[in-house]
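Me: I want to learn how to read a fold from its model. Can we take a helix, a sheet and a pocket in turn?

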Amino acid sequence: MLVRTMQPADLAAVYHIQTQAYVADMVEAPALLASRLAAAPTCAWVVEREDKVVAYLAAYPSRHGRISALGQEFQPAQPANALYLHDMAVAPEQAGQGLARAMLASALEYAVAQGWQYVCLVSVQSTQSYWQGQGFMEQTQLNEEQQAKLGTYVGPACYMIREL
């Protein structure tokens, strides 16, 4: 297993994994995935096994309390105090093998190296307990704008944060 920085050549595999991992209404267009990678190329990782991308994590520099709406371009913050984990997925046949934890470890290491204080995300598709197990806590004190962005996600969604 190799965790490495995502490259443009990985985007077709990333899109394919996304279509397997998410409900159809949450799959984001390939052009948007490419735009996000271009906006934050040092904040995206993939897991490669036998020369095949089998998992990915797309993130960007952000601020504590700022939520990305589903389908929105990344808006990297200057200055940032948080790494926002927008999208992480593992190919279904690779589930349960520690790939998500390996990518998360890379992301946390990166955030610490940047001197950021937080890692944030929106938990969807009943993943809240997974994220709680990784040290994240739900944050419910959201302003109206952030609550509206949270509402763009399909099904139950909650904003979660982990202090570093």
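Me: Which residues are exposed on the other side of helix 2?

Reply: The general idea comes first. An α-helix has 3.6 residues a turn, so residues three or four places apart point the same way. Now the case in this predicted model. Ala 31 and Ala 38 are exposed there. Buried in helix 2 (residues 30-39) are Leu 32, Leu 33, Arg 36 and Leu 37. Viewed down the axis, these buried residues fall within an arc of 140 degrees, so they line one face of the helix.

Me: What covers the buried residues of helix 2?

Reply: The cover includes helix 1 (11-21), strand 2 (44-49) and strand 4 (82-90).

Me: In what order do the seven strands of the open sheet run?

Reply: Strands of a sheet pair through backbone hydrogen bonds, either parallel or antiparallel. Here the order is 1-2-3-4-5-7-6, with mixed pairing. Strand 1 (2-5) and strand 6 (137-138) each have a single partner strand, so one side of each lacks a neighbour in the sheet. Strand 5 and strand 7 (residues 158-163) are antiparallel, paired over six bridges. Val 122 sits opposite Tyr 159 in strand 7.

Me: How much space lies in the largest pocket?

Reply: Rolling a probe the size of a water molecule over the atoms shows where empty space is left. The largest pocket holds about 570 Å³. It is lined by 32 residues, and the closest to its centre are Tyr 22, Met 88, Ala 89, Thr 127 and Trp 131.

Me: Which element gives the largest share of that lining?

Reply: Strand 4, with six residues. By type, the lining has 20 nonpolar, nine polar and three charged residues.

Key:
Residues numbered from 1 in each chain as written. Predicted model: local features only at pLDDT ≥ 70, side-chain atom pairs only at ≥ 80, totals over all residues. Heavy atoms only, no water. Buried < 20%, exposed > 50% of the residue type's maximum accessible area, 1.4 Å probe, protein only. Helix = DSSP H or I, 4+ residues; strand = E, 2+ residues; numbered from the N terminus. Arc of directions from axis to C-beta. Contact = heavy atoms within 4.5 Å. 1 Å grid on protein atoms, 1.4 Å probe; cavity = no way out; pocket = protein on both sides within 12 Å on 5 of 7 lines; lining within 4 Å. Points joined across faces, edges and corners; volume = space filled by probe spheres on them. Nonpolar A, V, L, I, M, F, W, Y, C, P; charged D, E, K, R; others polar. Pairing = 2+ DSSP bridges.
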